[in-house]
Amino acid sequence: MSGIEEKLREIQEQAAEEIRRADGMDRLNEIRVSVLGKKGSLTSVLKSMKDVAAEDRPKVGKWVNDARAGIEQLMEETRMRIEEESMNLRLRSETVDVTLPARTPRRGHRHPNTIALEEVERIFIGMGYEVLEGPEIEYDEYNFTKLNIPANHPAKDEQDTFYITDEILLRTQTSPVQARIMEQGKLPIRMIAPGRVFRSDEVDATHSPSFHQIEGLVIDKGITLADLKGTLDVFARELFGPDTKTKFRPHHFPFTEPSAEMDVSCFKCGGKGCRFCKGEGWIEILGCGMVHPHVLEMCGLDPNEYGGFAFGVGLERIALLKYEIDDMRLLYDNDIRFLNQF
Ligand code: DAH
(Lines give C-alpha, C1' and ligand atoms only; values in the text may rest on other atoms or scores of the structure.)
Protein backbone atom coordinates (compact mmCIF):
# COMPACT_ATOMS: atom_id res chain seq x y z
CA MET A 1 0.00 0.00 0.00
CA SER A 2 2.78 2.39 0.92
CA GLY A 3 4.32 1.33 -2.41
CA ILE A 4 1.29 2.85 -4.15
CA GLU A 5 1.53 6.06 -2.19
CA GLU A 6 5.19 6.26 -3.13
CA LYS A 7 4.41 5.57 -6.78
CA LEU A 8 1.66 8.22 -6.84
CA ARG A 9 4.02 10.82 -5.38
CA GLU A 10 6.60 9.94 -8.00
CA ILE A 11 4.05 10.25 -10.84
CA GLN A 12 2.80 13.53 -9.45
CA GLU A 13 6.29 15.01 -9.06
CA GLN A 14 7.42 13.89 -12.47
CA ALA A 15 4.24 15.20 -14.07
CA ALA A 16 4.62 18.53 -12.24
CA GLU A 17 8.20 18.83 -13.43
CA GLU A 18 7.25 18.09 -17.05
CA ILE A 19 4.29 20.43 -16.93
CA ARG A 20 6.46 23.24 -15.61
CA ARG A 21 8.88 22.74 -18.49
CA ALA A 22 6.12 22.53 -21.13
CA ASP A 23 6.68 25.21 -23.75
CA GLY A 24 3.40 25.03 -25.60
CA MET A 25 -0.05 23.53 -25.81
CA ASP A 26 1.16 20.57 -27.91
CA ARG A 27 3.61 19.53 -25.28
CA LEU A 28 1.00 19.98 -22.54
CA ASN A 29 -1.41 17.69 -24.39
CA GLU A 30 1.31 15.05 -24.78
CA ILE A 31 1.84 15.12 -21.02
CA ARG A 32 -1.91 14.90 -20.42
CA VAL A 33 -2.05 11.73 -22.55
CA SER A 34 1.03 10.18 -20.96
CA VAL A 35 -0.29 10.72 -17.41
CA LEU A 36 -4.09 10.81 -17.55
CA GLY A 37 -4.70 9.00 -20.86
CA LYS A 38 -5.97 5.42 -21.27
CA LYS A 39 -2.46 4.03 -21.04
CA GLY A 40 -1.22 6.86 -18.84
CA SER A 41 0.87 6.40 -15.73
CA LEU A 42 -1.87 7.50 -13.32
CA THR A 43 -4.49 5.43 -15.10
CA SER A 44 -2.30 2.34 -14.72
CA VAL A 45 -2.23 2.90 -10.95
CA LEU A 46 -6.02 3.04 -11.01
CA LYS A 47 -6.05 -0.24 -12.91
CA SER A 48 -3.91 -1.88 -10.21
CA MET A 49 -6.58 -1.11 -7.56
CA LYS A 50 -7.86 -4.64 -7.93
CA ASP A 51 -4.72 -5.85 -6.11
CA VAL A 52 -5.44 -3.56 -3.17
CA ALA A 53 -7.19 -4.97 -0.13
CA ALA A 54 -10.87 -4.07 -0.08
CA GLU A 55 -10.68 -2.03 3.14
CA ASP A 56 -7.82 0.05 1.76
CA ARG A 57 -9.50 0.85 -1.53
CA PRO A 58 -11.36 4.02 -0.41
CA LYS A 59 -8.12 5.48 0.93
CA VAL A 60 -6.09 4.57 -2.15
CA GLY A 61 -8.95 5.80 -4.33
CA LYS A 62 -8.80 9.18 -2.61
CA TRP A 63 -4.99 9.35 -3.12
CA VAL A 64 -5.39 8.67 -6.82
CA ASN A 65 -8.17 11.26 -7.12
CA ASP A 66 -6.14 13.83 -5.19
CA ALA A 67 -3.12 13.19 -7.41
CA ARG A 68 -5.31 13.51 -10.51
CA ALA A 69 -6.90 16.74 -9.24
CA GLY A 70 -3.45 18.18 -8.43
CA ILE A 71 -2.11 17.35 -11.87
CA GLU A 72 -5.23 18.74 -13.61
CA GLN A 73 -5.04 21.93 -11.62
CA LEU A 74 -1.41 22.42 -12.53
CA MET A 75 -2.19 21.71 -16.16
CA GLU A 76 -4.99 24.28 -16.15
CA GLU A 77 -2.73 26.92 -14.62
CA THR A 78 -0.03 26.12 -17.16
CA ARG A 79 -2.53 26.27 -20.04
CA MET A 80 -3.50 29.76 -18.93
CA ARG A 81 0.12 30.81 -18.62
CA ILE A 82 0.97 29.51 -22.11
CA GLU A 83 -2.04 31.22 -23.67
CA GLU A 84 -1.26 34.50 -21.99
CA GLU A 85 2.35 34.31 -23.11
CA SER A 86 1.41 33.61 -26.72
CA MET A 87 -1.13 36.44 -26.64
CA ASN A 88 1.52 38.83 -25.30
CA LEU A 89 3.90 37.68 -28.00
CA ARG A 90 1.28 38.36 -30.68
CA LEU A 91 0.46 41.74 -29.22
CA ARG A 92 4.11 42.68 -29.31
CA SER A 93 4.83 41.37 -32.80
CA GLU A 94 1.63 42.67 -34.39
CA THR A 95 1.82 46.15 -32.95
CA VAL A 96 0.62 48.91 -35.24
CA ASP A 97 2.12 52.32 -34.67
CA VAL A 98 -0.93 54.50 -35.09
CA THR A 99 1.22 57.62 -34.88
CA LEU A 100 3.08 56.78 -38.13
CA PRO A 101 2.20 59.20 -40.93
CA ALA A 102 -0.20 57.58 -43.40
CA ARG A 103 0.99 56.59 -46.85
CA THR A 104 -0.61 59.16 -49.16
CA PRO A 105 -2.82 57.39 -51.67
CA ARG A 106 -1.94 57.88 -55.34
CA ARG A 107 -4.57 60.25 -56.62
CA GLY A 108 -5.77 60.50 -60.17
CA HIS A 109 -5.55 63.79 -61.99
CA ARG A 110 -7.82 65.71 -64.30
CA HIS A 111 -6.98 65.11 -67.94
CA PRO A 112 -5.67 68.09 -69.97
CA ASN A 113 -8.73 67.67 -72.24
CA THR A 114 -11.01 67.97 -69.22
CA ILE A 115 -9.18 71.00 -67.88
CA ALA A 116 -9.32 72.70 -71.28
CA LEU A 117 -13.00 71.80 -71.75
CA GLU A 118 -13.97 73.15 -68.33
CA GLU A 119 -12.13 76.36 -69.18
CA VAL A 120 -14.02 76.72 -72.48
CA GLU A 121 -17.32 75.92 -70.75
CA ARG A 122 -16.60 78.52 -68.07
CA ILE A 123 -15.99 81.18 -70.72
CA PHE A 124 -19.18 80.48 -72.68
CA ILE A 125 -21.40 79.93 -69.65
CA GLY A 126 -20.17 83.36 -68.56
CA MET A 127 -21.56 84.74 -71.83
CA GLY A 128 -24.95 83.10 -71.22
CA TYR A 129 -24.49 79.91 -73.26
CA GLU A 130 -25.97 76.51 -72.43
CA VAL A 131 -23.83 73.34 -72.59
CA LEU A 132 -25.69 70.66 -74.58
CA GLU A 133 -24.87 67.24 -75.99
CA GLY A 134 -25.78 65.12 -78.98
CA PRO A 135 -25.33 61.43 -79.83
CA GLU A 136 -21.98 60.00 -80.92
CA ILE A 137 -23.78 57.48 -83.12
CA GLU A 138 -25.58 59.69 -85.61
CA TYR A 139 -27.67 59.60 -88.74
CA ASP A 140 -25.93 60.45 -92.01
CA GLU A 141 -28.78 62.93 -92.43
CA TYR A 142 -27.76 65.00 -89.39
CA ASN A 143 -24.02 64.58 -89.78
CA PHE A 144 -24.10 65.59 -93.46
CA THR A 145 -27.40 66.26 -95.28
CA LYS A 146 -28.95 68.79 -92.93
CA LEU A 147 -25.58 70.56 -92.79
CA ASN A 148 -25.69 71.18 -96.52
CA ILE A 149 -23.38 68.27 -97.31
CA PRO A 150 -25.44 66.17 -99.78
CA ALA A 151 -24.50 62.73 -101.10
CA ASN A 152 -21.40 62.81 -103.32
CA HIS A 153 -20.26 66.10 -101.80
CA PRO A 154 -16.44 66.07 -101.58
CA ALA A 155 -16.60 67.08 -97.89
CA LYS A 156 -17.88 63.57 -97.20
CA ASP A 157 -14.61 62.13 -98.41
CA GLU A 158 -12.54 64.70 -96.55
CA GLN A 159 -13.91 63.41 -93.28
CA ASP A 160 -13.22 59.69 -93.58
CA THR A 161 -16.31 58.32 -91.99
CA PHE A 162 -16.92 55.16 -89.96
CA TYR A 163 -20.25 53.93 -91.30
CA ILE A 164 -22.39 51.52 -89.28
CA THR A 165 -25.09 51.16 -91.94
CA ASP A 166 -25.78 53.26 -95.04
CA GLU A 167 -27.71 55.71 -92.88
CA ILE A 168 -26.01 55.43 -89.50
CA LEU A 169 -22.43 56.44 -88.69
CA LEU A 170 -20.06 57.59 -85.96
CA ARG A 171 -20.33 61.36 -86.14
CA THR A 172 -17.33 62.99 -87.80
CA GLN A 173 -18.06 66.38 -86.22
CA THR A 174 -20.16 67.92 -83.45
CA SER A 175 -21.97 70.09 -86.04
CA PRO A 176 -24.99 67.72 -86.23
CA VAL A 177 -25.90 68.94 -82.73
CA GLN A 178 -26.63 72.31 -84.42
CA ALA A 179 -29.28 70.70 -86.60
CA ARG A 180 -30.80 68.78 -83.69
CA ILE A 181 -31.10 71.88 -81.51
CA MET A 182 -32.46 74.11 -84.30
CA GLU A 183 -35.10 71.48 -85.09
CA GLN A 184 -36.38 71.67 -81.53
CA GLY A 185 -37.33 75.25 -82.42
CA LYS A 186 -36.73 76.78 -78.98
CA LEU A 187 -35.38 80.23 -79.77
CA PRO A 188 -33.17 82.08 -79.26
CA ILE A 189 -30.29 79.56 -79.14
CA ARG A 190 -26.98 80.16 -77.45
CA MET A 191 -25.23 76.86 -76.92
CA ILE A 192 -21.99 74.97 -77.00
CA ALA A 193 -21.94 71.22 -77.57
CA PRO A 194 -18.73 69.43 -76.62
CA GLY A 195 -18.23 65.78 -77.48
CA ARG A 196 -16.35 62.93 -79.06
CA VAL A 197 -16.06 62.62 -82.83
CA PHE A 198 -14.62 59.89 -85.04
CA ARG A 199 -12.69 59.75 -88.28
CA SER A 200 -10.96 56.88 -89.95
CA ASP A 201 -7.49 58.41 -89.50
CA GLU A 202 -4.18 56.73 -88.75
CA VAL A 203 -2.76 57.56 -85.34
CA ASP A 204 0.16 60.01 -85.40
CA ALA A 205 1.36 63.08 -83.46
CA THR A 206 -1.59 65.18 -84.67
CA HIS A 207 -4.27 62.61 -85.60
CA SER A 208 -6.42 60.08 -83.80
CA PRO A 209 -9.48 58.14 -85.01
CA SER A 210 -11.32 59.50 -81.98
CA PHE A 211 -10.99 63.05 -80.72
CA HIS A 212 -13.17 65.86 -79.39
CA GLN A 213 -14.77 69.00 -80.72
CA ILE A 214 -16.75 71.82 -79.20
CA GLU A 215 -19.52 73.15 -81.38
CA GLY A 216 -21.00 76.59 -80.88
CA LEU A 217 -24.28 77.95 -82.16
CA VAL A 218 -26.12 81.24 -81.73
CA ILE A 219 -29.50 81.78 -83.42
CA ASP A 220 -31.64 84.86 -82.92
CA LYS A 221 -33.06 87.82 -84.81
CA GLY A 222 -30.50 90.35 -86.02
CA ILE A 223 -27.29 88.40 -85.38
CA THR A 224 -24.42 89.66 -87.53
CA LEU A 225 -20.83 88.82 -88.40
CA ALA A 226 -19.84 91.45 -85.83
CA ASP A 227 -21.44 89.32 -83.10
CA LEU A 228 -19.42 86.31 -84.27
CA LYS A 229 -16.16 88.26 -84.32
CA GLY A 230 -16.78 89.94 -80.98
CA THR A 231 -17.76 86.69 -79.27
CA LEU A 232 -14.81 84.69 -80.57
CA ASP A 233 -12.44 87.56 -79.80
CA VAL A 234 -13.55 87.50 -76.15
CA PHE A 235 -13.20 83.72 -76.17
CA ALA A 236 -9.61 83.93 -77.49
CA ARG A 237 -8.56 86.55 -74.96
CA GLU A 238 -10.11 84.62 -72.07
CA LEU A 239 -8.46 81.40 -73.16
CA PHE A 240 -5.01 82.59 -74.24
CA GLY A 241 -4.58 85.85 -72.32
CA PRO A 242 -5.75 89.48 -72.57
CA ASP A 243 -3.14 90.50 -75.19
CA THR A 244 -4.30 87.89 -77.69
CA LYS A 245 -5.34 89.23 -81.10
CA THR A 246 -7.60 87.42 -83.53
CA LYS A 247 -7.59 87.25 -87.32
CA PHE A 248 -10.39 85.88 -89.51
CA ARG A 249 -9.34 84.30 -92.80
CA PRO A 250 -11.96 83.52 -95.46
CA HIS A 251 -12.59 79.79 -95.74
CA HIS A 252 -15.28 77.41 -96.87
CA PHE A 253 -17.62 75.24 -94.86
CA PRO A 254 -20.80 73.92 -96.50
CA PHE A 255 -23.03 74.86 -93.55
CA THR A 256 -21.89 78.48 -93.13
CA GLU A 257 -21.84 81.46 -95.50
CA PRO A 258 -19.63 83.37 -95.24
CA SER A 259 -17.15 81.04 -93.53
CA ALA A 260 -13.84 81.79 -91.89
CA GLU A 261 -11.00 80.28 -89.95
CA MET A 262 -9.87 82.17 -86.90
CA ASP A 263 -6.20 82.53 -85.98
CA VAL A 264 -4.92 83.86 -82.67
CA SER A 265 -1.67 85.76 -82.24
CA CYS A 266 0.97 83.39 -80.89
CA PHE A 267 0.81 83.54 -77.09
CA LYS A 268 4.46 82.44 -76.90
CA CYS A 269 6.07 85.24 -78.93
CA GLY A 270 3.18 87.71 -79.03
CA GLY A 271 3.08 87.54 -82.84
CA LYS A 272 6.74 88.12 -83.71
CA GLY A 273 7.18 84.57 -84.93
CA CYS A 274 8.84 81.75 -83.02
CA ARG A 275 9.33 77.99 -83.12
CA PHE A 276 5.98 77.49 -81.43
CA CYS A 277 3.99 79.24 -84.21
CA LYS A 278 6.45 78.03 -86.87
CA GLY A 279 7.53 81.60 -87.52
CA GLU A 280 4.01 82.65 -88.51
CA GLY A 281 3.12 84.73 -85.44
CA TRP A 282 -0.40 83.29 -85.77
CA ILE A 283 -1.95 79.98 -84.76
CA GLU A 284 -5.08 78.53 -86.36
CA ILE A 285 -7.73 77.80 -83.74
CA LEU A 286 -11.19 77.19 -85.16
CA GLY A 287 -13.66 77.24 -88.02
CA CYS A 288 -16.70 79.51 -87.98
CA GLY A 289 -19.25 81.35 -90.06
CA MET A 290 -22.79 82.63 -90.40
CA VAL A 291 -25.26 79.75 -90.47
CA HIS A 292 -26.20 79.03 -94.11
CA PRO A 293 -29.82 79.98 -94.96
CA HIS A 294 -30.37 76.55 -96.51
CA VAL A 295 -29.31 74.89 -93.22
CA LEU A 296 -31.79 77.12 -91.31
CA GLU A 297 -34.52 76.07 -93.74
CA MET A 298 -33.73 72.36 -93.52
CA CYS A 299 -33.92 72.65 -89.72
CA GLY A 300 -37.32 74.34 -89.82
CA LEU A 301 -36.31 77.97 -89.31
CA ASP A 302 -37.21 80.94 -91.55
CA PRO A 303 -33.95 82.50 -92.78
CA ASN A 304 -35.75 85.80 -93.35
CA GLU A 305 -36.57 85.99 -89.69
CA TYR A 306 -33.75 84.18 -87.92
CA GLY A 307 -30.05 83.92 -88.42
CA GLY A 308 -26.90 83.32 -86.46
CA PHE A 309 -23.37 82.09 -86.31
CA ALA A 310 -21.63 78.83 -85.58
CA PHE A 311 -18.14 77.68 -84.77
CA GLY A 312 -16.25 74.46 -84.19
CA VAL A 313 -13.11 74.03 -82.09
CA GLY A 314 -10.90 70.99 -81.68
CA LEU A 315 -10.56 70.31 -77.97
CA GLU A 316 -7.27 68.39 -78.27
CA ARG A 317 -5.86 71.24 -80.36
CA ILE A 318 -6.57 73.67 -77.53
CA ALA A 319 -5.20 71.34 -74.86
CA LEU A 320 -2.01 70.69 -76.88
CA LEU A 321 -1.46 74.41 -77.50
CA LYS A 322 -2.33 75.59 -74.02
CA TYR A 323 -0.16 73.03 -72.24
CA GLU A 324 2.54 72.93 -74.93
CA ILE A 325 2.22 69.22 -75.56
CA ASP A 326 3.84 68.24 -78.86
CA ASP A 327 2.34 64.80 -79.40
CA MET A 328 -1.38 64.09 -79.30
CA ARG A 329 -0.77 60.42 -78.47
CA LEU A 330 0.37 61.46 -74.98
CA LEU A 331 -3.22 62.52 -74.29
CA TYR A 332 -4.46 58.97 -74.74
CA ASP A 333 -1.68 57.03 -72.96
CA ASN A 334 -3.28 57.43 -69.54
CA ASP A 335 0.12 57.77 -67.90
CA ILE A 336 -0.31 59.43 -64.50
CA ARG A 337 3.25 60.82 -64.66
CA PHE A 338 2.21 62.76 -67.76
CA LEU A 339 -1.21 63.78 -66.48
CA ASN A 340 0.14 65.02 -63.14
CA GLN A 341 1.97 67.84 -64.89
CA PHE A 342 -1.07 69.94 -65.70
N1 DAH B 1 -17.43 70.84 -88.27
C2 DAH B 1 -16.23 71.46 -88.79
C3 DAH B 1 -15.13 70.40 -88.88
O4 DAH B 1 -15.21 69.39 -88.24
C5 DAH B 1 -15.77 72.57 -87.89
C6 DAH B 1 -16.67 73.76 -87.98
C7 DAH B 1 -16.38 74.77 -88.86
C8 DAH B 1 -17.81 73.86 -87.20
C9 DAH B 1 -17.21 75.88 -88.99
C10 DAH B 1 -18.64 74.97 -87.31
C11 DAH B 1 -18.32 75.97 -88.21
O12 DAH B 1 -19.75 75.12 -86.57
O13 DAH B 1 -19.13 77.07 -88.31
O14 DAH B 1 -14.19 70.61 -89.59
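Into which domains is the chain divided?

1. The model under review is predicted. Its chain is divided into domain 1, covering residues 2-93, and domain 2, covering residues 112-339. Taken over C-alpha atoms, the centres of domain 1 and domain 2 are separated by 92 Å.

2. Helix 5 (residues 112-126) and helix 11 (residues 315-322) deserve attention as a pair. Their axes come within 9 Å and cross at roughly 100°. Because angles of 65 to 115 degrees count as roughly perpendicular, helix 5 is roughly perpendicular to helix 11.

3. Which residues form the contact between helix 5 and helix 11? From helix 5 come P112, N113, A116, L117, E119 and V120, and these meet L315, E316, I318, A319 and K322 of helix 11. Sorted by class, the contact of helix 5 with helix 11 comprises 7 nonpolar, 1 polar and 3 charged residues.

4. The second largest pocket holds about 250 Å³ of space. It is lined by 15 residues, of which L117, G195, R196, H212 and L315 are the closest to its centre. Helix 5 and strand 4 (189-198) are the elements that give two or more residues to this lining.

5. How is the lining of the second largest pocket made up by class? It has 5 nonpolar, 6 polar and 4 charged residues.

6. Two cis peptide bonds call for comment. The bond from L187 to P188 is cis, with omega near -5°; P188 is placed in the loop between helix 8 (176-184) and strand 4. The bond from E257 to P258 is likewise cis, with omega near 0°, and P258 lies in strand 7 (residues 256-265).

7. Where is N148 found? N148 sits in the loop between helix 6 (140-143) and helix 7 (154-158). Its phi is near 70°, a positive value in a residue other than glycine.

8. In summary, the points for the record are the 92 Å between the centres of domain 1 and domain 2, the crossing of helix 5 and helix 11 at roughly 100°, and the pocket lining to which helix 5 and strand 4 each give two or more residues.

Methods: Residues numbered from 1 in each chain as written. Predicted model: local features only at pLDDT ≥ 70, side-chain atom pairs only at ≥ 80, totals over all residues. Heavy atoms only, no water. Domains from an automatic or database assignment. Axes fitted to C-alpha atoms, helices over the stretch in contact; angles between N-to-C directions. Helix = DSSP H or I, 4+ residues; strand = E, 2+ residues; numbered from the N terminus. Parallel < 35°, antiparallel > 145°, perpendicular 65-115°, else oblique. Contact = heavy atoms within 4.5 Å. Nonpolar A, V, L, I, M, F, W, Y, C, P; charged D, E, K, R; others polar. 1 Å grid on protein atoms, 1.4 Å probe; cavity = no way out; pocket = protein on both sides within 12 Å on 5 of 7 lines; lining within 4 Å. Points joined across faces, edges and corners; volume = space filled by probe spheres on them.
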